[in-house]
Amino acid sequence: MILVIGATGFVGRHLSVGLLERAIPVRALVRDQARARALLPAAVELSVGDMTEPPTLDAALRDVRAVYVTVQTITRAQHGKARDFAEAELRGLEEVVAACRRAGVRRVIAVGLIGTRPDAANAWVRARARGERLLFGSGLDVTVIRPGVVVGRGSVGFDGVLAAARRRVAPIRGSGRQLWRPIGIDDLIAYLVGVLDQPAAYGRAFDVGTDEVVSYDSLVDATADVLGRAHPRKVHVPLRALRPLARVLEIVGRLPAGGLRAGLDHLGDDLVGDPRPIRALLPRPLLPLRAAVERSI
Ligand SMILES: NC(=O)c1ccc[n+]([C@@H]2O[C@H](COP(=O)([O-])OP(=O)(O)OC[C@H]3O[C@@H](n4cnc5c(N)ncnc54)[C@H](OP(=O)(O)O)[C@@H]3O)[C@@H](O)[C@H]2O)c1
């Protein structure tokens, strides 16, 4: 049995289906059972809980041999008392590690952010670096898979691209010159499943993506091409002009402080990384950008 924490999210849903398709039984730790039942295949066993609540983790980890963590706190309300999104994420990871130790589960695979570095300008990326340090220092057999923009419907980053590609005049957050390395959701899932029983992946973080590093504006235009639409006229909105709005949305949506602002700023970052190490470990042809977009519309 494999536990997925974050199975009701974009990556977690695809991962759960991907594991089932490979005849690997899946249990999901979910916060809202009815919502999860509507989102996930009937074959996914549900265990109600929260990554910050140890007893629920203990129940979910029974008879489990590996855990996937596909969680983010910037887009989802948190019940705990964390000061901000970074603390919420870190506390959740600490509880997952502690629960794995109690349950004797050694294998943990987490999804991160491409190019994560402790000295990154962006607060979300720095928080992820702290999370990686915690995971790799846990003594467990940890792998982190780090995508940039994941091409698939329901992916927060790509949904923004799709929305812009459908307009005649598109507001673009940031300069539009930021470079993004895409990966199709199916390839991301193949890597996540591919590392499951790969001891050579223990203790390592891998950037993933195709060779097609494109500017945000070109990504919008390439998506418009696939949709058969004219390239939109782009109006570039400085990120600093949007920060107050992000704060308001955090308050209205009861989201952890700072998360949407950091997520918004991250949209203006280069998301490039270095995908060569994962390719050496798990060689596979990756779906080109155009084909990945075609699959997503
Ligand atoms: N989507 C992308 O393009 C992309 C790109 C790069 C990296 N990533 C990374 O991939 C991972 C998954 O992203 P995503 O797009 O799938 O996110 P998502 O759609 O926002 O889903 C987040 C998931 O986290 C769960 N969650 C949040 N707080 C939780 C808690 N306290 N306890 C248990 N579950 C909790 C949510 O559950 P509820 O449904 O109950 O809220 C949901 O299932 C993240 O690490 C993200 O940074 C994603």
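Contact, in this tour, means heavy atoms within 4.5 Å. The structure is a predicted model, in which local features need pLDDT of at least 70, side-chain atom pairs count only at pLDDT 80 or more, and totals for chains, interfaces and linings use all residues. Residues are numbered from 1 along each chain as its sequence is written, and side-chain values use heavy atoms, with hydrogens and water left out.

**First stop: helix H4**

Select residues 85–103, which form helix H4. Helices (H or I, at least four residues) and strands (E, at least two) are DSSP runs, numbered from the N terminus. H4 has 19 residues and reaches 27 Å from its first C-alpha to its last, close to the 27 Å expected at 1.5 Å a residue; the expected span is 1.5 Å times one less than the number of residues.

Next, select Asp84, which caps the N-terminal end of H4. One of its side-chain oxygens lies 3.2 Å from the backbone nitrogen of Ala86. After H4 comes Gly104, with a positive phi near 75 degrees.

Now colour the buried residues of H4, among them Phe85, Leu90, Leu93, Val96 and Cys100. Buried means under 20% relative accessible area, exposed over 50%, and partly exposed in between (1.4 Å probe, protein chains only). The elements that cover these buried residues include strand E1 (2–5), helix H3 (54–60), strand E4 (66–69), E5, H5 and helix H10 (259–266).

**Second stop: strand E6**

Select residues 141–146, strand E6. Six of its six residues are buried, so E6 is largely enclosed by the rest of the structure. Asp141, Thr143 and Ile145 point one way from the strand, while Val142, Val144 and Arg146 point the other way. In a regular strand the side chains alternate between the two faces of the sheet.

Two strands pair if DSSP finds at least two bridges between them. Val108 stands opposite Val142 of E6. From E5, the chain crosses through helix H5 (residues 123–136) to E6, a right-handed β-α-β crossover: with the strands pointing away from the viewer, the path from the first strand over the helix to the second runs clockwise.

Strand E11 (residues 204–207) also pairs with E6, in the parallel sense over four bridges. Here Asp207 is the bridge partner of Arg146.

Note on methods
A polar contact is a pair of N or O atoms within 3.5 Å; within protein, one must be able to donate a hydrogen and the other to accept it, and residues adjacent in sequence count only if both atoms are side-chain atoms.
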